[in-house]
Amino acid sequence: QTLVHFMNAYMDMIGAEVLAHGGTIGKFIGDGSMSIFGAPESYPDDAARAVQCALAIVERAAALGEEWRKHGLSTGRTRVGAHTGEALVGNFGGRKRVDYTALGDTVNRAARIEGANKVFGTPVLISDATRRAAGETLCARPAGDVQMKGLGKPERLYEPLPPVQREDAAAFAVAFEAIEAGDPARARNALAPLLAANPADPLLRYYAARLDAGETGVLVTARDIIY
């Protein structure tokens, strides 16, 4: 009964945020969901709406988790992935049951991007296509290059951040460039003040650990790939 009550509250929260940002609830899948921005109604800023929705969901999920911990229930972390592209959207099913949903590579990539959060410890990751579609006002930092199943080459993923963290994102970009260039000394110097200010930041910790292990570059290694 406790689990049912929690899951209903959790899904209600997700659904409310999707609708508030102009999206469509595609389906609930276990303890997750798939949502669509751009169909059946579309807006010029669908990608930006999707990213803002993702950030809002993570923030509200954290607050919901705090509330439930007061009742002795330990909840997991919410992760979101977003990708922008073409998809086949409509009613699919048999004669007795139809489901309004989206199908295609865009949907598959979004699901795999969501899973990549497990590697970096991040709450939200988006593709470069979504980053570009969201526009210049988006605040985001590069997370790394991930080889996803079915893709011929690694794809760079980004972590969107609240606009108030724009300076932090710019500072991290300097460290990321040094890591990618294989310059560990410069990378450590750039990461140090960021870690001192945000010691619990998952992405900073991820790259600090890689540097401590003598690794450079931003490609997710074979042992980290989860697909």
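**Close-up views: salt bridges and pockets**

**View 1. Glu-114 and Arg-79 meet through their side chains in a salt bridge, 3.3 Å from N to O.** The pair joins distant parts of the chain, 35 residues apart: Glu-114 sits in helix H3 and Arg-79 in the loop between H2 and E3. A salt bridge here is a Lys or Arg side-chain nitrogen within 4 Å of an Asp or Glu carboxyl oxygen. Helices (H or I, at least four residues) and strands (E, at least two) are DSSP runs, numbered from the N terminus. The model is predicted: local features need pLDDT of at least 70, side-chain atom pairs count only at pLDDT 80 or more, and totals for chains, interfaces and linings use all residues. Residues are numbered from 1 along each chain as its sequence is written, and side-chain values use heavy atoms, without hydrogens or water. Glu-114 is partly exposed, at 25% relative accessible area. Arg-79 is partly exposed too, at 32%. (Buried is under 20% relative accessible area, exposed over 50%, partly exposed in between; 1.4 Å probe, protein chains only.)

**View 2. Arg-141 and Glu-159 form a salt bridge, with closest N and O atoms 2.8 Å apart.** Strand E7 (residues 140-146) carries Arg-141 and strand E8 carries Glu-159; the two residues are 18 apart and link distant parts of the chain. Arg-141 is buried, at 5% relative accessible area. Glu-159 is buried at 6%.

**View 3. Glu-215 pairs with Arg-210 in a salt bridge, closest N to O 3.5 Å.** Glu-215 is buried at 17% relative accessibility. Arg-210 is buried at 7%. Elsewhere, salt bridges with shared partners join Asp-105, Arg-109 and Glu-155 into one network. The structure holds 17 salt bridges.

**View 4. The largest pocket holds about 1400 Å³ of space.** A pocket is an open set of points on a 1 Å grid over the protein atoms alone, where a 1.4 Å probe fits, with protein on both sides within 12 Å along at least five of seven lines; lining residues have an atom within 4 Å of a point. Its volume is the space filled by probe spheres set on the points, which are joined across faces, edges and corners. Of 47 lining residues, Ser-33, Met-34, Ser-35, Val-80 and Gly-81 lie nearest the centre. H2 gives the largest share, nine residues.

**View 5. The second largest pocket holds about 240 Å³.** It has 14 lining residues; Pro-123, Glu-159, Leu-161, Pro-162 and Gln-165 lie nearest its centre. H2 supplies the largest share here, four residues.
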